[in-house]
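Morning, everyone. Please bring the structure up on the screen, and I'll walk you through a few features.

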Amino acid sequence: MVGVVIVSHSQTLAEGVVELAKLMASDAHIVAAGGLDDGGLGTSFEKISNAIDEVYSDDGVAVLMDMGSAVMTTEMVIESMEGRKILMLDGPVVEGGVVVALEASLGTPLEELQEKVDEARDTKKIEK
Amino acid sequence: MIDILKATAAKIDEEKDYLTELDNEIADGDHGVNMAKGFNAVVAKLDAMSGKDIGSLLKTTGMTLVSTVGGSAGPLYGTAYMKAGSVLSGKNEMDEKDLVAAMEAAIGGIQMRGKATTGEKTMLDSLCPAYDALKSGVEAGEDMKTALTKAVEAAETGVEYTKTIKATKGRASYIGDRSIGHQDPGATSALYILQVLLDNI
């Protein structure tokens, strides 16, 4: 099963997305990498590395990030793990996180997850 | 180089409230505090590194910034120092040509990591004109101090220029036109790094 990591500047936000995703996919391998090591706002290289290690398998790991340094720090973590199957997904963290956790738990391969996130981004919540 | 890095940390620490204030006006207000935290972590590692070559010192600085800063400045300055470190690998002294090469690599790293260019109200708006001034000075045969003095002047002009433009990269881009009139904190911290370099060569 593809592992999923949620990266956010906020620890509570990342953990909240994991909580919500688990509601839909209780067996998903999804973990949070939010905030700094001291709990403050920001993104931590070490937390992201540890989170990827925690859910890594041969099926790979999908990472969803909020913004700015979350994206750049994740990029640097992935570069430091050369040769491993890790993919950053571009999309909304909450909706994307839920969809990716669900798809991963159903056995969808890493390569197809971006497409699922794109669908989640384009889904209208309010019909006009 | 250890002295320069320590002086940089001291300068950043001294200016952290001002940098944070600049950042507060247009973005998330963490630049000064984050940078100070990162450079203080760098200082804590330096004493154990006496005798190491400049490349190793800069690479350690970069890696430490990446893992301790927490905001965008971490991966951006981190990449810059690591790239500069690669260029200066094995060197115990740096001449003006080395400095040009290191700065070119550092800027390349920031552009690659941040997918940014000049005119977007970022640290590149002080670093790129500084690099251009340094390079043309060195190519014209100027010594390090003369060329670097011009580079710092160009960076100062670059910082002033950031007040006139709208942010299109980074957190400040969320406020769009309202960022005009404010000085970019990243361009300002980059200027401090260059000023300290000039004062300590």
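This is a predicted model. Start with a helix pair in chain B: helix H7, residues 124-139, and helix H8, residues 144-162, pack at an angle of about 155°. Their axes are 7 Å apart. Over 145 degrees counts as roughly antiparallel, so H7(B) is roughly antiparallel to H8(B). What is the hand of the crossing of H7(B) and H8(B)? Right-handed. And who makes the contact of H7(B) with H8(B)? By class, 13 nonpolar, 6 polar and 3 charged residues.

Next, the contact between the chains. Chain B puts in 14 residues, and chain A puts in 12 residues. Stay on the chain B side. Three elements of chain B each supply at least two residues there: helix H4 (54-68), helix H5 (73-87) and helix H6 (96-114). Which of them gives the most to the side of chain B that touches chain A? H5(B), with 3 residues. Now the classes for that side of chain B: 3 nonpolar, 8 polar and 3 charged residues.

H4(B) has 15 residues. From first C-alpha to last, H4(B) reaches 21 Å, close to the 21 Å expected at 1.5 Å a residue. Is H4(B) largely enclosed or open? Of its 15 residues, 13 are buried, so H4(B) is largely enclosed by the rest of the structure. Then look just past the end of H4(B). Gly70(B) takes a positive phi there, about 90°.

That's my tour. Over to you.

Conventions: Residues numbered from 1 in each chain as written. Chains lettered and ligands numbered in written order. Predicted model: local features only at pLDDT ≥ 70, side-chain atom pairs only at ≥ 80, totals over all residues. Contact = placed C-beta atoms within 7 Å. Helix = DSSP H or I, 4+ residues; strand = E, 2+ residues; numbered from the N terminus. Nonpolar A, V, L, I, M, F, W, Y, C, P; charged D, E, K, R; others polar. Expected span 1.5 Å × (residues − 1). Buried ≥ 20, exposed ≤ 12 C-beta atoms within 10 Å, placed from the backbone. Axes fitted to C-alpha atoms, helices over the stretch in contact; angles between N-to-C directions. Parallel < 35°, antiparallel > 145°, perpendicular 65-115°, else oblique. Left-handed = near helix turned anticlockwise from the far one by under 90°.
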